[in-house]
Amino acid sequence: MSDKKLSVPELSALVVLMVEADEVSNPELKERYGLTLTGNERIHLNDLKLVDSRKVKRGAYAHVLTDLGWARMTEELHAGTVPVLPGSAGAMARALLIGLQGFMKRTDHRLADIF
């Protein structure tokens with residue numbers, strides 16, 4: 001497991017990019033998920049080579065999960081280190097990720113097979 005800790009917004013961005021499994025612009029992320037990948041989070045994920053970002057029309061960034069990003073998400077799921085967030089939304093997200101982890105173990109699927 002990587003020793004570089006990720007913040008909840010960074011992990012959230014990785015999960016969203018994993019689900020999208022394609023390049024997604026900040027306006028698309030905002031519309032679909034209510035989040036954007038900007039500033040320190042974008043720079044940190046780019047520096048860790050987990051996400052590739054590039055400027056597209058009107059100066060907006062578009063992002064894609066790298067091979068290292070896919071590997072990191074696999075590590076996070078297998079290690080069970082996804083942060084526990086308070087409230088019902090946190091419980092729902094945690095339950096879905098635990099269910100995904102269990103499915104992957106039972107069926108020997110990889111994240112790239114699912115997304």
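Colleague: How do strand 1 and strand 3 pair?
Modeller: In this predicted model, strand 1 (residues 24-25) pairs with strand 3 (residues 61-65) in the antiparallel sense, over two bridges.

Colleague: Which residue is the bridge partner of Ser25 in strand 3?
Modeller: The partner of Ser25 is Ala62.

Colleague: And over how many bridges do strand 2 and strand 3 pair?
Modeller: Strand 2 (residues 51-55) is joined to strand 3 by five bridges, in the antiparallel sense. Within this pairing, Val51 has Leu65 as its bridge partner, and Ser53 stands opposite His63.

Colleague: What lies between strand 2 and strand 3 in their hairpin?
Modeller: Five residues lie between the strands of that hairpin, and Arg58 there takes a positive phi near 60°.

Colleague: What is the order of the strands in the sheet?
Modeller: The order is 1-3-2, in an open sheet of three strands with antiparallel pairing. Strand 1 and strand 2 stand at the edges with a single partner strand each, so one side of each has no neighbour in the sheet.

Colleague: What holds strands of a sheet together in general?
Modeller: Strands pair through backbone hydrogen bonds, in a parallel or an antiparallel arrangement.

Colleague: Turning to the helices, which strands does helix 3 lie across?
Modeller: Helix 3 (residues 39-47) lies across strand 2 and strand 3, and runs at about 125° to strand 2.

Colleague: How does helix 3 cross helix 1?
Modeller: The two axes come within 10 Å and cross at roughly 65°. The crossing of helix 1 and helix 3 is right-handed.

Colleague: Which residues make that contact?
Modeller: Helix 1 contributes Pro9, Glu10, Ala13 and Leu14, while helix 3 contributes Asn40, Glu41, His44 and Leu45. By class, the contact of helix 1 with helix 3 holds four nonpolar, two polar and two charged residues.

Colleague: At what angle do helix 1 and helix 4 pack?
Modeller: Helix 1 (residues 8-20) and helix 4 (residues 67-79) pack at an angle of about 110°, and their axes are 10 Å apart. Helix 1 and helix 4 are therefore roughly perpendicular to each other.

Colleague: Left-handed or right-handed, that crossing of helix 1 and helix 4?
Modeller: The crossing of helix 1 and helix 4 is left-handed. On the side of helix 1, the contact is made by Leu11, Leu14, Val15 and Met18; on the side of helix 4, by Trp70, Arg72, Met73 and Glu76.

Colleague: How do the residues of this contact divide by class?
Modeller: In the contact of helix 1 with helix 4, six residues are nonpolar, none is polar and two are charged.

Colleague: What about helix 1 and helix 2, how far apart are their axes?
Modeller: The axes of helix 1 and helix 2 are 12 Å apart, and the helices pack at an angle of about 95°. That angle makes helix 1 roughly perpendicular to helix 2. Val16, Val19 and Glu20 of helix 1 make the contact with Leu29, Arg32 and Tyr33 of helix 2. The residues of the contact of helix 1 with helix 2 divide into four nonpolar, no polar and two charged.

Colleague: Which parts does the pair of Arg32 and Glu20 tie together?
Modeller: Arg32 lies in helix 2 (residues 26-33) and Glu20 in helix 1, so the pair ties together parts that are twelve residues apart in sequence.

Key: Residues numbered from 1 in each chain as written. Predicted model: local features only at pLDDT ≥ 70, side-chain atom pairs only at ≥ 80, totals over all residues. Heavy atoms only, no water. Pairing = 2+ DSSP bridges. Helix = DSSP H or I, 4+ residues; strand = E, 2+ residues; numbered from the N terminus. Contact = heavy atoms within 4.5 Å. Axes fitted to C-alpha atoms, helices over the stretch in contact; angles between N-to-C directions. Parallel < 35°, antiparallel > 145°, perpendicular 65-115°, else oblique. Left-handed = near helix turned anticlockwise from the far one by under 90°. Nonpolar A, V, L, I, M, F, W, Y, C, P; charged D, E, K, R; others polar.
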